[in-house]
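Colleague: Hey, can you walk me through this one? I'd like to learn how to read it piece by piece.

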Amino acid sequence: MTNQVSLAQGREYLAIPGPSVMPDAVLRAMHRPSPNIYDGELIEMMPTLTDDLRRVARTRHNVAIYIANGHGTWEAALSNVIAPGETVLAPASGRFTHGWAEMAEGIGAQVEMLDFGTASPWGFDRIAEALSADTEHRIKAVLAVHVDTSSSVRNDIPTLRALLDDLGHPALLMADCIASLGCDRFEMDAWGVDVTVTACQKGLMTPAGVGFVFFNDKAQAKRAAMPRVSQYWDWQPRANPEMFYQYFNGTAPTHHLYGLRAALDMIHAEGIENVWARHEHLATAVWTACEIWSEGGALHLNVADRAHRSRAVTALRLTDGLGTPLRSYTETQLGLTLGIGLGMADTDGCFRLGHMGHVNGQMIMGMLGGVETAMAALNIPRGKGALEAAAAVLAGQG
Ligand SMILES: *Cc1c(COP(=O)(O)O)cnc(C)c1O
């Protein structure tokens, strides 16, 4: 059947890997007049936010909040601990590590890049080689992207920590968990991460615009030894403000804070361990469906091994550049928006499924049903029974 009427009317699903779906509770919390920024409720709410953010990142250390997206937190974190001319090591499993490394170059750092391609996790042999060769400890930080959202590779941060410790290398371990916080297990203190950057619009379910930098005492010691840090990026007054305005070096992002408060309440009501378990269960259903579709030969999961896959985003490739037509079909015909391919050679063939944050079983089945429908409409060969198998996973029978 061609030229059929669009079926896109109704509640849409923005299944891209950020910004993620905003809960109604977050939207409602933001729908209010501007509060007084000198006195009262907003000022009293701030310590509850910083405490609860620490709980989500599993750290007892400091948090600085910025009116910024993830890129802003990249620069903020680097600006506090990396002086011009200092070296950072960047093991890359996709586009986002390159982006952070470019940011480091922009503030005058030397970047030692270890590129593991667009479908593989870090290779610890090569990282060990680079760190061992650095006998003078020129490398001041390792830029570790936990989940690279472009490739959907999930990297093993505890093993990287163990490697640094075994080699006695003093570089700071800086983690980007923008795509993983509130989705995949991430434990800043237990994993020995010195600096963590994240942002609010993925697992934290809040509209883009607020970012967070968590840092421990070792990172603070490096900060204290810096020749200078730009006043706006300086994390010290933000993490230990004497006056309310110092949290943000100016006017607070009032409505984002109300939205974030509601989102953190939801995460704590569910329990962070349950949030991780939900993402894992939903992701397993997504992988199961994709693995069965791939038996038809046209669809490929970018990350072959489940053990290295993100539970928040899944990158896929279709033969003959069919990724773009598939996305176009789901969006215009079904009200389902899928993520574009990013950082891949064959951009039109690639697409990504976002399954992070405020997502549940029926949304995941709807998303998978949308992909199945688009593949049917485009006559894309695919294995049969993907939806039944995904349903069995969700039912605990997979
Ligand atoms: C989304 C994302 C970023 C960039 O965040 P922006 O808010 O778009 O600047 C950086 N790193 C990772 C891993 C991400 O998923």
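This is a predicted model: local features need pLDDT of at least 70, side-chain atom pairs count only at pLDDT 80 or more; totals for chains, interfaces and linings use all residues.

Colleague: OK, and where is Arg 311 found?

Modeller: Arg 311 is in the loop between β11 and β12. Helices (H or I, at least four residues) and strands (E, at least two) are DSSP runs, numbered from the N terminus.

Colleague: Does Arg 311 count as buried or exposed?

Modeller: Arg 311 counts as buried, because its relative accessibility is 17%. Buried means under 20% relative accessible area, exposed over 50%, and partly exposed in between (1.4 Å probe, protein chains only).

Colleague: What is Arg 311 in contact with, leaving aside neighbours within four places in sequence?

Modeller: Its partners include Arg 154, His 279, Glu 280 and Trp 287. Contact means heavy atoms within 4.5 Å.

Colleague: New topic: sheets. How many strands are in the one with β11?

Modeller: Five, in an open sheet ordered β1-β13-β14-β12-β11, with mixed pairing. Two strands pair if DSSP finds at least two bridges between them. β1 (13-15) and β11 (299-301) stand at the edges with a single partner strand each, so one side of each has no neighbour in the sheet.

Colleague: Which helix touches β12, β13 and β14?

Modeller: Helix α11 (residues 323-334) packs on the sheet there, and its direction makes about 155° with that of β13. Axes are lines fitted to C-alpha atoms, for helices over the stretch in contact, and angles run from 0 to 180 degrees between N-to-C directions.

Colleague: And what's the order of the seven-strand sheet?

Modeller: That open sheet runs β2-β10-β9-β8-β5-β3-β4, again with mixed pairing. Its edge strands are β2 (62-66) and β4, each pairing on one side only. Inside it, five bridges join β9 (residues 195-199) to β10 (residues 211-215), and the two run antiparallel. Val 197 stands opposite Val 213 in β10.

Colleague: Which strands does α5 lie across?

Modeller: α5 lies across β3, β4 and β5, at about 155° to β4. The buried residues of α5 (residues 124-133) are Ile 127, Ala 128, Ala 130 and Leu 131. They sit on the same side of α5 because they cover an arc of only 165° around the axis, taken from the directions from the helix axis to the C-beta atoms. The face turned away carries the exposed Asp 125, Glu 129 and Ala 133.

Colleague: Last one: how many disulfides are there in the whole structure?

Modeller: Zero (a disulfide is a pair of cysteine sulfur atoms within 2.5 Å). The sulfur of Cys 183 is 9.7 Å from the closest cysteine sulfur, in Cys 177, and that's too far for a bond. Cys 177 counts as buried at 0% relative accessibility, and Cys 183 is buried too, at 1%.

Methods
Residues are numbered from 1 along each chain as its sequence is written. Side-chain values use heavy atoms; hydrogens and water are left out.
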